[in-house]
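Here are some notes to read with the model open beside you. Take them in any order after the opening point.

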Amino acid sequence: MTLYRHILKESLPVLLLALLFLTAVYLFGFFYAGARWLEGVPLIKVARWLSYHVPGVLVQVFPIALVTATVLLFGRLAAEGAQFALLSAGIPLYRAALPLLLLGGLLSLAALYLQEYVVPEANNRVRVAWWDEIHTQGAGLFRLKGLQIPIGQGRSLYFEDFDMGTKEMVGVRIASFRGEEGTFLFAERGSWEDKVITLKDYRFYRIDFAQIPRLETAKDLLAQTRKVFRVVSQGKVLEVESDLSRARAIADYADTFSFGQDSLSQAWAKIQDPFLAPLEKWRARLEFHSKLALPLANLVLVLLAAAMALRYGRSTGLALGLSVVLALGYYGAFFLGRSLAGIGALAPEAGAWGANLLFLLLGVRALR
């Protein structure tokens, strides 16, 4: 227990410093990438946008920080010849790594919690803050023009253009169908706040497509036409309740990149959906297993990092270089597996877990 206490005492400060440093590096990378659009943006908005990245960044830097702490600690043991003292006392080297395995387990649990409850919503807020507060100063809906946006209950929203001055949608259309009867709302302009879409100068029509064939044989064509095409109402202002919020719409449809919007449970639900298209189910399997595999990298990297540090990490410079090599090697293997699974060359499970299995086998072998 004394050994474990000393190992934790030495490794925890390094782990925390590595987490802070790596998180800062990631956030600086996001800041640098968006610097051209950040000029003139209030500092509080920039800070809030960067803060939304933190949960996702932590999931990625946990393994790197733990590798750094492990390599520096065991490199120091190697430099001072402590491993020989451990072996002379009958203590296998893998036992010295148990405290770090415990830390890896705690980090894995924290990462899984973040993946399930925090990261999806934080990623949504990243995109909303970028498109609606920074990039366009409250006009994030402009990214949705020309798209069919499902707003619930079988309805879809479409608008032709967006007025950046008034922050309004232009040429709005909301369509829905019940059986062969369609309803169509047209409006000159519209605004969207939370879950309420406000239409201005609207026209509301209902068309019964099942009745259209009867027009050819109708004796009273005008009366039959009125049954098929009906003007329900028209006016100045109409509010429509949407099941989809404005922020969620921007997060889901503002760009084509995926920011891990599904939690673990949501990805699992997609896998179980019998009506999901085969390609979408393949992607859901890859996403689910990737979200499990990456947090558990905190465990599998410890053994290999400890073994490599004892052999090659006798100086601080070499130890830091070794931690970078191990981290890059793992992430390279992980994303290569994901890429191969993405094109169908590997099963999703093999693509997601391949890097973990490889580094676990190497670590077990190295510490034997």
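1. Start with the helix at residues 292-310: this stretch is 100% helix and 0% strand, with its end C-alpha atoms 29 Å apart. Helices here are DSSP runs (H or I) of at least four residues and strands are E runs of at least two, numbered from the N terminus. Do keep in mind that this is a predicted model, where local features need pLDDT of at least 70, side-chain atom pairs count only at pLDDT 80 or more, and totals for chains, interfaces and linings use all residues. Residues are numbered from 1 along each chain as its sequence is written, and side-chain values use heavy atoms, leaving out hydrogens and water.

2. Now look inside. The largest nonpolar core has 50 residues, and Leu15, Val71, Phe74, Leu100, Leu301, Leu326 and Tyr330 have the most contacts inside it. Helices H1 (2-33), H3 (43-79), H6, H10 (278-312), H11 (316-342) and H12 (348-366) each give two or more residues to this core, and H3 gives the most, with 14 residues. A nonpolar core means buried Ala, Val, Leu, Ile, Met, Phe, Trp, Tyr and Cys residues joined through side-chain atoms within 4.5 Å.

3. Which residues does leucine 301 touch, not counting those up to four places away in sequence? They are Pro63, Val67, Tyr330 and Phe359, with contact meaning heavy atoms within 4.5 Å.

4. Glutamine 115 sits in helix H6 (residues 98-134). It counts as buried because its relative accessibility is 6%; the cut-offs are under 20% relative accessible area for buried, over 50% for exposed, and partly exposed in between (1.4 Å probe, protein chains only). Setting aside residues up to four places away in sequence, glutamine 115 touches Val59, Pro120, Ser263, Leu264, Lys291 and Pro295.

5. Phenylalanine 288, in helix H10, is buried too, at 12% relative accessibility. Beyond four places in sequence, phenylalanine 288 touches Leu264, Ala267, Trp268 and Ile271.

6. Finally, strands E1 (residues 149-152) and E2 (residues 155-163) pair in the antiparallel sense over three bridges; pairing needs at least two DSSP bridges. Glycine 152 stands opposite arginine 155 in E2.
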